Amino acid sequence: MRLQDVYMLNVKGLARGVFQRVTGSAVTDLYSPRRLFSLTADDCFQVGKVAYDMGDYYHAIPWLEEAVSLFRGAYGEWNTEDEASLEDALDHLAFAYFQAGNISYALSLSREFLLYSPDNKRMARNVLKYERLLADSPKQMVAEAVIQRPNVPHLQTRDTYEGLCQTLGSQPTHYQIPSLYCSYETNSNPYLLLQPVRKEVIHLEPYVVLYHDFVNEMEAQKIKGLAEPWLQRSVVASGEKQLQVDYRISKSAWLKDTVDPILVTLDHRIAALTGLDVQPPYAEYLQVVNYGIGGHYEPHFDHATSPSSPLYRMKSGNRVATFMIYLSAVEAGGATAFIYANFSMPVVKNAALFWWNLHRSGEGDSDTLHAGCPVLVGDKWVANKWIHEYGQEFRRPCSSSPED
Ligand SMILES: O=C(O)CCC(=O)C(=O)O
Ligand SMILES: [Fe+2]
């Protein structure tokens, strides 16, 4: 349902195994699978029922509609794996329409139900009730159900976020802007002079750069393998506490440098590229994150925005910068979206994204609001190295100007 909302996918398509975005009359394929895997009537019923049980008729109705339509088409055929039947789907769909205010449709579905189970007393009572309601106020007959998407206060940031996720990171790039350039980064560092890293400047304010092939295939595999046994549901800082929340769905693990020499090698490489001190306590351990289908991280800041944040327990200041490595490709979805900066970065396997979270004044840069879009197909791995303010005094000198 999250995927449906964020990517504007239509249920009919999803049920057939295609990922189509439908806006007005325009249909765009967001992903073309090599094989179509369609859902059964029972699959659609089960999805619809999850929404139905939460009282979310906005999502329940299209899935139950699809279930009813597929069950009708296969009436008389019995699939041994099915838990539900046409009657179950009609029953739930009728009640969902009643709740949504469309009584005449609730009535006709209930009558259809009675054709198959004429002895059902509860449904017979419902039919009488709907008939009476319609007789009392025939206006209901034409009442079109307009149900709002639940739990979503209308937010400008949400529209921008979802729009950026939908482009899958393919919004036009500004090749004409000379300040957004590519280069071989050496940073006057002996390691990099021997083996420069391809750098792509993505954005200036906030400053975001992508380092291509920051890790190789073997290193990416190795890091995922080291983290795998330790993965746990991710948490976020809330006040002084760490909480599991719906707006961050993933698993993660922290890898201390002593776990494997490869982590020290990576630290050296990050330090060489950024010129920053990433030795503890000036940077956190490497956080490896794994998102499954539907996994996401809604718009947030990496830096602390409250002085009571657990981030300050390291006593090395706020998170001045983020160095995020893409350890896997993703088949569809999963872009990193910068909401106010208005761009999204598609997952580039083995590349690393770097940005400053704080201005030189130490003030949080509110333009760094960013998100991990939901994974539509495949799975996504990233690794975060969060670099703190202390230790960087001579590497990124401060300034009192709020713009710097
Ligand atoms: O997964 C992403 O693309 C972003 C992850 C992120 O922002 C985070 O882990 O703080
Ligand atoms: Fe983040």
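Analyst: A polar contact is a pair of N or O atoms within 3.5 Å; within protein, one must be able to donate a hydrogen and the other to accept it, and residues adjacent in sequence count only if both atoms are side-chain atoms. This is a predicted model, where local features need pLDDT of at least 70 and side-chain atom pairs count only at pLDDT 80 or more, while totals for chains, interfaces and linings use all residues. Residues are numbered from 1 along each chain as written, chains are lettered from A and ligands numbered from 1 in the order written, and side-chain values use heavy atoms, without hydrogens and water.

User: How far is the polar side-chain atom of His300 from an oxygen atom of ligand 1?

Analyst: The distance is 3.1 Å. The side chain of Asp302 also has an N or O atom 3.1 Å from a ligand 1 oxygen, and for Lys380 the value is 2.8 Å.

User: How much of ligand 1 does the protein bury?

Analyst: The protein buries 99% of the 290 Å² that ligand 1 exposes when taken alone (Shrake-Rupley method, 1.4 Å probe).

User: Which residues are around ligand 1?

Analyst: Among them are Arg248, Tyr291, Met324, His370 and Trp386, counting a residue as near if one of its heavy atoms lies within 4 Å.

User: Which strand gives the largest share of that shell?

Analyst: Strand 20, with 3 residues. Strand 12 (296-300), strand 18 (370-372) and strand 20 (380-388) each supply at least two; strands are DSSP runs of E, at least two residues, and helices are runs of H or I, at least four, numbered from the N terminus.

User: Switching topic. How many disulfides are there?

Analyst: The search of the whole structure finds 1, with a disulfide being a pair of cysteine sulfur atoms within 2.5 Å. Cys165 and Cys373 form it, with sulfur atoms 2.1 Å apart.

User: Why does that pair tie together parts 208 residues apart in sequence?

Analyst: Because Cys165 lies in helix 8 (residues 156-166) and Cys373 in the loop between strand 18 and strand 19 (375-377). The S-S torsion is about -85°, so the disulfide is left-handed.

User: And the backbone: which peptide bonds are cis?

Analyst: Glu205 to Pro206 is cis, with omega near 0°, and Pro280 to Pro281 is cis, with omega near 5°. Pro206 is in the loop between strand 4 (197-203) and strand 5 (208-211).

User: What is phi of Asn187 near?

Analyst: Phi of Asn187 is near 50°, a positive value in a residue other than glycine. Most residues other than glycine have a negative phi.
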